[in-house]
Amino acid sequence: MDKLYWLDQIKQQDRAKVGDKAFYLSRMMQRGYPVVPGFVISAEVLQEFLETLNSSEALVADLPHSSLHLDVNNWRQLQQVAGRLRQEISSADLPSHLLSQIVNAAQELESAYLIFRPTFVVPTTKHGIGKTSGLLESQICQCHEEAIALALKRTWSQMFRAKSLLYWQWAGINLQQIHLGVLVQPFRNAIASGSLNANSSEWEILATWGLGVAMTQGEVLPDVYYIDPETGTVRERQLGNQMLAYRLNDGAPVAALQTAPTSALASNDSSLVTYLLEEDQQKQYALPEEYLQELIQLASQIVKETDVNFTLEWTICCDPTRTLSLTQMSTPLTVSHFHLIKGLGASVGRVTATAHVIVNSQHKPEQLPKGVILVATTIAPDWLPLLQQVGGIITEQGGVTSHAAILARELGIPAVVSVVSATAILQTGEKLLIDGDKGEVYRLTREAGETREIGQGDKSIQNSKSRRRPPEGFLKGSVLPEAKHLIQNLESHPITPSPHLPITQPPHLPISPSRLSLPMIATQLLVNLSQSRLIEQVQSLPVDGVGLLRSELMALNILEGQHPMTWLQEGRQTQLLERWYEQIMQFAHAFAPRPVFYRSLDWRSHELVSLNHNVQSSTQSMLGERGTFSYLKNPAVFELELTALADVQKAGYSNIHLLLPFVRTVEEFSFCRQKVEQARLTEVPQFQLWIMAEVPSVLFLLPEFVKAGVQGISIGTNDLTQLLLGVDREQGQLAQVFNERHPVVMSAVSQLILMAKSAGIPCSICGQAPALYPEIIEQLVQWGITSISVEPEAVERTYLAIARAEQQIILEAARRQFHQ
């Protein structure tokens, strides 16, 4: 048993053999904390296994000693190499004596199910960061020989996935420098699960019913508690929104929805099922009071012993003992001194870089240093070209639906907004770490090295207090932003299109086996876009088209810092039209025959100070002369947009449609429709003219809009919320008031969907609400939403949420039929 290490017996010298996750968890166990027991299959076992691979291929034969330097820009070749390596590992037999030892040890855990957690040591990378928890997933399996062998080989083979090979090479790590162990622990049903995040200013406890999978995948809104670190008292508690939970598929009678297709845990044999919580249970806190106090006491003791910030994950076992146990633990930094500043998490991910502070945001800088964390009072849309080279964003103003937040999510960079006095507190050149998931900014007093982890979990189940937003399902903050775009190319391929959808996927796109495992959905899932450089990585996501092409952000890349009217006044209409056409054409071509809904320009005049030279506007108005009203005052730019759309149609693309923004009256729409007809867009039978349903007047006038020719609506929850509640969405200090789940907002959304259904027109939703609060997706589907359009980073969790909602509708219908 010299190759297996039990947690309670691991010594300091064993760290390289068992990996950081298991090593730090063993330290906690040996100090007397209630850690789930287990043993580690050491890194030496993997090395010996690779040396036994009997293959005629040189690539496989040299694997134990190869550095595998590949051309990561040739991602198809990279996938082929990765697939071949993983196939060799999966098909090879484990040495019988080793397998026998592992099975015997597993049986000592006395559990019908096991979880295999990757735990490894990697060197500090050439980029100074080594957090790799998102690269390898845990595996669950039943406790018998065949399943154990398969789970172990699948865990090992993930080292050679395309995205892993890409990361190793990007980080400058040779395979010989990676020591991968596998921590094997019992996996049992839980009454409740969750996390505790502790820092010097506040502790946050999250709790969900059953296994923690529902929380990791963003399927529920967990209960949350805020604890005073000094006294251990509960400052605040908030009941979450939980309608389902996960448990093991052990044959126990539950109101199962479906076998769980989960990305949080990889399963050999459909080991997890979801089940509906009873209505009374949904109204109760998942974490009983006595366990809450036990968690607080544990956290207090850990703080006394370690004096560091940390995140631990816990579970309450379903067995008769009902024991609270720690399953994982991590610390965020290796720095010895840092200063924490809180804000609102606006775009997920973590990045460490130097700050670049702009005190006066009224004047847009000419350029920014590459890779810095931009600190500003506020950010206007016309900053977009500058933001494409920054590593992260911090603003003093703005909420999670502000322009800074939307731009950061579109560009895939971490952002924290509503950081009070950020430009006064932070200084240009100092080292910062921003955590967009938790809304935290760290001032580092010495350079951060490799991120240290203590038993980091399968997926982070942390949450931002301000957003109450579940974490992402695609790329966690563990993968560096600089490598994200390449990794997304490796993983983003479409599923087989649903037969229920009227629009099919282009036949030339490849189909990934991972996408084939996704359930079919009838509700269309669309994506919000504006940047043509993101097309390649987004077009093959499991989406049915582009639900919102933001023209104002798209155009900023071609305007050279000048307002469109300036181009027209200077006689450069032909040049501008050609550029506009080329931009739209890229989206129409990439997604054909899937639809692309182009939203015409919707600029508030005060947001584009740098573009407003020689153009008269109402700079003091909060709303500005925006939407279709501005077209009535001066239709020249709108007419240019329509000409560009018509030219795209003439090029043979019938998948482009028009979405009119911020429509206040039927008269405004009729004016626009006349312009559309003059541009001959309606001569293409497939063309559709929609309006944004974001001004409350649409609630009262929708039947008249339909009579006037509206063919569909798309609900914009950002503007609808601020107009219904009278709250400026750019003001982060009003974040608690700006609530897209407010009963008034949800009632309006429901009314719009039902009115559209009654009028026989499609109804989509493209605001931030479904992405920020996935729990409302079930209501949208039940009300009859036609399609949901979200940011690229929210596609996977939204897809799964739609699938669950549709499955629940089917289940409830079956129950009603059964009881008739």
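**Reading strands, a buried residue and a helix pair**

Guide: Strand β22, residues 431-435, is mostly covered, with four of its five residues buried; the model discussed here is a predicted one.

Visitor: What makes four of the five residues of β22 count as buried?

Guide: Buried means a relative accessible area under 20%, and four of the five residues of β22 are buried in that sense.

Visitor: How do you know that β22 and strand β18 pair?

Guide: Two strands pair if at least two bridges are found between them, and β18 (residues 350-358) is joined to β22 by five bridges in the antiparallel sense, with T352 standing opposite L433 of β22. Together β22 and β23 form a hairpin with four residues between them, and G439 in the turn has a positive phi of about 70 degrees.

Visitor: Why is N197 called buried?

Guide: The relative accessible area of N197 is 8%, and because buried means under 20%, N197 is classed as buried. N197 lies in strand β6, residues 190-198, and, apart from neighbours within four places in sequence, is in contact with E202, W203, E204, F310, T311, K438 and E440.

Visitor: What makes the approach of the N197 and K438 side chains a polar contact?

Guide: The side chains of N197 and K438 are joined at 3.4 Å, and a polar contact requires a pair of N or O atoms within 3.5 Å, so the pair qualifies on distance.

Visitor: Why is helix α5 called roughly perpendicular to helix α6?

Guide: Helices α5 (residues 96-108) and α6 (residues 145-157) pack at an angle of about 110 degrees, with their axes 10 Å apart; because angles of 65 to 115 degrees count as roughly perpendicular, α5 is described as roughly perpendicular to α6. The contact is made by L99, I102, V103 and A106 of α5 and by E145, I148, A149 and L152 of α6, and by class it has seven nonpolar, no polar and one charged residues.

Methods
Residues numbered from 1 in each chain as written. Predicted model: local features only at pLDDT ≥ 70, side-chain atom pairs only at ≥ 80, totals over all residues. Heavy atoms only, no water. Helix = DSSP H or I, 4+ residues; strand = E, 2+ residues; numbered from the N terminus. Buried < 20%, exposed > 50% of the residue type's maximum accessible area, 1.4 Å probe, protein only. Polar contact = N/O pair within 3.5 Å; in protein donor to acceptor, adjacent residues only side chain to side chain. Contact = heavy atoms within 4.5 Å. Axes fitted to C-alpha atoms, helices over the stretch in contact; angles between N-to-C directions. Parallel < 35°, antiparallel > 145°, perpendicular 65-115°, else oblique. Nonpolar A, V, L, I, M, F, W, Y, C, P; charged D, E, K, R; others polar.
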